[in-house]
Amino acid sequence: APDFKSTALPFANDSIHRLVKVSPVKEMHVVEILWQLPSMFAAYRCKPMHYVGWLLGHEGRGSVLAHLRRRGWALEIIAGNGGEGYEYNSSYSFFSCSIVLTVDRSPNARFLCS
(Lines give C-alpha, C1' and ligand atoms only; values in the text may rest on other atoms or scores of the structure.)
Protein backbone atom coordinates (compact mmCIF):
# COMPACT_ATOMS: atom_id res chain seq x y z
CA ALA A 1 0.00 0.00 0.00
CA PRO A 2 1.26 3.51 -0.73
CA ASP A 3 2.55 5.59 2.16
CA PHE A 4 1.71 9.31 2.14
CA LYS A 5 3.40 10.28 5.42
CA SER A 6 5.86 12.56 3.65
CA THR A 7 3.07 14.35 1.79
CA ALA A 8 2.58 17.98 2.81
CA LEU A 9 -0.70 19.25 4.20
CA PRO A 10 -3.29 19.76 1.45
CA PHE A 11 -3.44 23.55 1.71
CA ALA A 12 -0.55 25.99 1.95
CA ASN A 13 -0.72 28.09 5.12
CA ASP A 14 -0.79 31.38 3.24
CA SER A 15 -3.83 30.31 1.20
CA ILE A 16 -6.19 29.28 3.98
CA HIS A 17 -6.26 32.23 6.38
CA ARG A 18 -9.37 33.82 4.95
CA LEU A 19 -12.58 35.36 6.20
CA VAL A 20 -15.29 34.69 3.65
CA LYS A 21 -18.63 36.47 3.87
CA VAL A 22 -21.54 35.16 1.82
CA SER A 23 -25.08 36.35 1.25
CA PRO A 24 -27.28 33.92 3.13
CA VAL A 25 -30.19 32.08 1.60
CA LYS A 26 -31.55 31.48 5.09
CA GLU A 27 -31.47 33.86 8.06
CA MET A 28 -28.57 32.28 9.94
CA HIS A 29 -25.33 33.67 11.25
CA VAL A 30 -22.62 31.03 11.55
CA VAL A 31 -18.86 31.15 11.93
CA GLU A 32 -17.23 28.02 10.56
CA ILE A 33 -13.58 27.38 11.36
CA LEU A 34 -11.65 24.53 9.74
CA TRP A 35 -8.19 23.44 10.82
CA GLN A 36 -5.95 21.17 8.80
CA LEU A 37 -3.86 18.90 10.99
CA PRO A 38 -1.27 16.21 10.51
CA SER A 39 -2.58 12.68 10.20
CA MET A 40 -4.27 11.26 13.29
CA PHE A 41 -3.90 7.72 11.98
CA ALA A 42 -1.36 6.74 14.63
CA ALA A 43 -3.67 8.01 17.39
CA TYR A 44 -6.82 6.22 16.23
CA ARG A 45 -7.19 4.34 19.52
CA CYS A 46 -7.28 7.43 21.76
CA LYS A 47 -9.17 9.66 19.26
CA PRO A 48 -7.72 13.07 20.22
CA MET A 49 -10.01 15.01 17.86
CA HIS A 50 -13.10 13.42 19.42
CA TYR A 51 -11.84 14.54 22.83
CA VAL A 52 -11.21 18.14 21.71
CA GLY A 53 -14.57 18.16 19.92
CA TRP A 54 -16.26 17.02 23.11
CA LEU A 55 -14.53 19.78 25.11
CA LEU A 56 -15.49 22.52 22.64
CA GLY A 57 -19.02 21.20 22.18
CA HIS A 58 -19.75 20.84 25.91
CA GLU A 59 -22.69 23.02 26.94
CA GLY A 60 -22.42 22.92 30.74
CA ARG A 61 -21.32 25.49 33.29
CA GLY A 62 -17.84 26.88 32.56
CA SER A 63 -17.91 25.79 28.90
CA VAL A 64 -16.96 27.88 25.88
CA LEU A 65 -20.62 27.99 24.86
CA ALA A 66 -21.73 29.11 28.33
CA HIS A 67 -19.21 31.97 28.13
CA LEU A 68 -20.42 33.03 24.68
CA ARG A 69 -24.07 32.74 25.73
CA ARG A 70 -23.40 34.94 28.78
CA ARG A 71 -22.05 37.62 26.43
CA GLY A 72 -25.08 37.15 24.16
CA TRP A 73 -22.91 36.13 21.20
CA ALA A 74 -23.70 32.49 20.42
CA LEU A 75 -26.51 29.96 20.54
CA GLU A 76 -24.74 26.73 19.64
CA ILE A 77 -21.30 25.20 19.01
CA ILE A 78 -20.72 22.10 16.92
CA ALA A 79 -17.14 20.82 16.91
CA GLY A 80 -15.33 17.72 15.76
CA ASN A 81 -13.98 15.89 12.79
CA GLY A 82 -17.35 14.84 11.44
CA GLY A 83 -16.68 11.11 11.58
CA GLU A 84 -16.38 10.69 7.81
CA GLY A 85 -13.11 8.82 8.26
CA TYR A 86 -10.82 11.58 6.98
CA GLU A 87 -8.95 11.59 10.27
CA TYR A 88 -7.78 8.02 9.71
CA ASN A 89 -5.63 8.47 6.63
CA SER A 90 -1.86 8.81 6.49
CA SER A 91 -1.80 12.30 4.92
CA TYR A 92 -3.83 14.84 6.91
CA SER A 93 -6.89 15.43 9.09
CA PHE A 94 -9.50 18.17 9.33
CA PHE A 95 -11.11 19.51 12.48
CA SER A 96 -14.04 21.91 12.27
CA CYS A 97 -15.92 24.15 14.66
CA SER A 98 -19.21 25.86 13.80
CA ILE A 99 -20.56 28.59 16.04
CA VAL A 100 -24.17 29.69 15.53
CA LEU A 101 -24.24 33.39 16.40
CA THR A 102 -27.05 35.51 17.73
CA VAL A 103 -28.28 37.90 15.05
CA ASP A 104 -27.41 41.06 16.98
CA ARG A 105 -23.87 39.85 17.78
CA SER A 106 -22.77 38.57 14.38
CA PRO A 107 -20.31 41.50 14.01
CA ASN A 108 -18.23 39.74 16.72
CA ALA A 109 -17.35 36.94 14.29
CA ARG A 110 -13.85 38.36 13.80
CA PHE A 111 -13.24 38.29 17.55
CA LEU A 112 -14.28 34.63 17.72
CA CYS A 113 -11.73 33.72 15.05
CA SER A 114 -8.79 35.46 16.75
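1. A quick word on terms first: buried means under 20% relative accessible area, exposed means over 50%, and partly exposed is in between, with a 1.4 Å probe and protein chains only. Helices (H or I, at least four residues) and strands (E, at least two) are DSSP runs, numbered from the N terminus. With that in hand, strand β3 has seven of its ten residues buried, so the rest of the structure largely encloses β3.

2. Ground rules: this is a predicted model, where local features need pLDDT of at least 70 and side-chain atom pairs count only at pLDDT 80 or more, while totals for chains, interfaces and linings use all residues. Residues are numbered from 1 along each chain as its sequence is written, and side-chain values use heavy atoms, with hydrogens and water left out.

3. On to the sheet. Two strands pair if DSSP finds at least two bridges between them.

4. Across from Trp35 you'll find Phe95 in β3, and Ile33 stands opposite Cys97.

5. What about Ser98: buried or exposed? Ser98 comes out as buried, since its relative accessibility is 15%. Ser98 belongs to strand β3 and is the bridge partner of Ile78. If you skip residues up to four places away in sequence, Ser98 touches Val30, Val31, Glu32, Glu76, Ile77 and Ile78, where contact means heavy atoms within 4.5 Å.

6. There is one aromatic pair in the structure. The ring centres of Trp35 and Phe95 are 5.9 Å apart and the planes make 45°, so the pair counts as tilted. The rule: rings of Phe, Tyr and Trp (its six-membered ring) pair if their centres lie within 6.5 Å, with planes under 30 degrees apart called stacked, over 60 edge-to-face and the rest tilted. Trp35 is partly exposed at 39% relative accessible area, whereas Phe95 is buried at 5%.

7. Now the Arg residues. The charged end of Arg71 sits over the ring of Trp73, 4.9 Å from its centre; the test is NZ of Lys or CZ of Arg within 6 Å of the ring centre and within 35 degrees of the ring normal. Arg69 has its place in helix α3 and is partly exposed at 42% relative accessibility. Neighbours within four places in sequence aside, Arg69 is in contact with Glu59, Ala74 and Leu75. Arg69 and Glu59 are ten residues apart along the chain, and their C-alpha atoms are separated by 9.9 Å.
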